[in-house]
Amino acid sequence: MNSIETTRLGTDGPIVGVQGLGCMGMSEFYGPTDTGEALATLERALELGVTLFDTADVYGLGANEELVGPFVRAHRDRVVLATKFAIERRADDQHYRGVNNDPAYIRKAVDASLHRLGLDVIDLYYMHRRDPQVPLAESVGAMGELVAAGKVRYLGLSEVTGPELREAHAVHPIAALQSEWSIFARGVERSAVPAAAELGVALVPYSPLGRGFLTGAFADAGQLADGDFRRHLPQFSGDNAAGNAELVAPIRRIAEQRGATAAQVALAWLQQRAEVHGLTAVVPIPGTRKRSRLEENLGGTRLVLTGEELAELEPIAGRVAGRRYADMSSTADAREV
Ligand SMILES: NC(=O)c1ccc[n+]([C@@H]2O[C@H](COP(=O)([O-])OP(=O)(O)OC[C@H]3O[C@@H](n4cnc5c(N)ncnc54)[C@H](OP(=O)(O)O)[C@@H]3O)[C@@H](O)[C@H]2O)c1
């Protein structure tokens, strides 16, 4: 398998492979984890040209940063490590989620992430969620100070609106916007993607496979293990699941016709939407715990969908029943009018 192509994040950000790897599921949220296979998946990804590895302080309450740290240190000059701050959890209440954008909190969070990762610098540091109680300029200003202090190389934001991205970029250059973007989830195309295209900010689509649902890997959250985070997501449960599972049929049909897989079609679709919007770069970060799926997903970088195929996929998002999260209060959608 040949190495994938590269692209630049932001106007002067790092050069990365055109597909990254989401590491979240290696520690939490999507069923049982296997450290040996996870570490082998990280190594295989790098061999195949993946260089952007995505984690967050909140994944596994720090365990995911601890998992990827030794891998990053072993390949320090080749890996672009992205992590995030802002979501607070409590060890004694697995459902609790708070959002904190306070400058003092950010200064503590970065040191804690550096410590868990065993690094002296984070390549790309994202604000994971926006807390409207704290002026954005203050938070991004504090993030910029981390760059000046040499603790962080580049800045990113996650789940922000177009106007918020513009406001932040005026305080300090933003290299990447990470938001949910897939055949099922296209709210980001309203204001954030056009702003990113105009500013030269790269898009890093998260959950590009609709958390696995777009691949047909499961058709109802009831099929998932107890404790799987997806059991609480409205699109995959109750009355919504059956209708949404039918929406996946065209993706699978196109895949069959092209001798590809549904995951590859979903990833190729994103690259082509990026062209429509004039984005300088789009680097999806499909998440997987397994080498076989990583290799399959990288095949998506070599697939080009026809106009007819794109037209068939176009109406799907508008027909999806249910919201992306049970609680949408900290998403960009909640602040978009
Ligand atoms: N910024 C944010 O708020 C935010 C939110 C969510 C996620 N993220 C980041 O984005 C990354 C990706 O998102 P995600 O993991 O939520 O969703 P995703 O990439 O859309 O889907 C991941 C799920 O799909 C399965 N999968 C992967 N490749 C597959 C294939 N070829 N065929 C069938 N199933 C496949 C994975 O299972 P296996 O592991 O078994 O392959 C996993 O259950 C995360 O790892 C995380 O780093 C960020």
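In this predicted model, helix α4, which covers residues 136-148, and helix α5, which covers residues 162-171, have axes that come within 9 Å and cross at roughly 45°. Angles under 35 degrees count as roughly parallel and those from 65 to 115 as roughly perpendicular; α4 and α5 are therefore oblique to each other. Their crossing is right-handed. On the α4 side, the contact is made by Leu136, Ala137, Val140, Gly141 and Gly144, and on the α5 side by Glu164, Glu167, Ala168 and Val171. Sorted by class, this contact of α4 with α5 has 5 nonpolar, 2 polar and 2 charged residues.

The crossing of α1 and α2 is right-handed. Helix α1 brings Thr35, Ala38, Leu39 and Leu42 to the contact, while α2 brings Leu67, Val68 and Phe71. By class, the contact of α1 with α2 has 6 nonpolar residues, 1 polar residue and no charged residues.

The next topic is the ligand. There are 29 residues around the ligand, and Gly22, Met24, Leu209, Gly212 and Gly287 come nearest. Which helix gives the largest share of the shell around the ligand? Helix α10, residues 291-298, does, with 3 residues. By class, the residues of this shell divide into 10 nonpolar, 12 polar and 7 charged.

The last topic is the annotation. An unreviewed UniProt entry places the feature "domain: NADP-dependent oxidoreductase" at residues 20-314. In the model, the end C-alpha atoms of residues 20-314 lie 25 Å apart. This span is 41% helix and 15% strand.

Key
Residues numbered from 1 in each chain as written. Predicted model: local features only at pLDDT ≥ 70, side-chain atom pairs only at ≥ 80, totals over all residues. Axes fitted to C-alpha atoms, helices over the stretch in contact; angles between N-to-C directions. Helix = DSSP H or I, 4+ residues; strand = E, 2+ residues; numbered from the N terminus. Parallel < 35°, antiparallel > 145°, perpendicular 65-115°, else oblique. Left-handed = near helix turned anticlockwise from the far one by under 90°. Contact = placed C-beta atoms within 7 Å. Nonpolar A, V, L, I, M, F, W, Y, C, P; charged D, E, K, R; others polar. Near = placed C-beta within 6 Å. UniProt positions renumbered as here; feature names shortened; annotations may be inferred.
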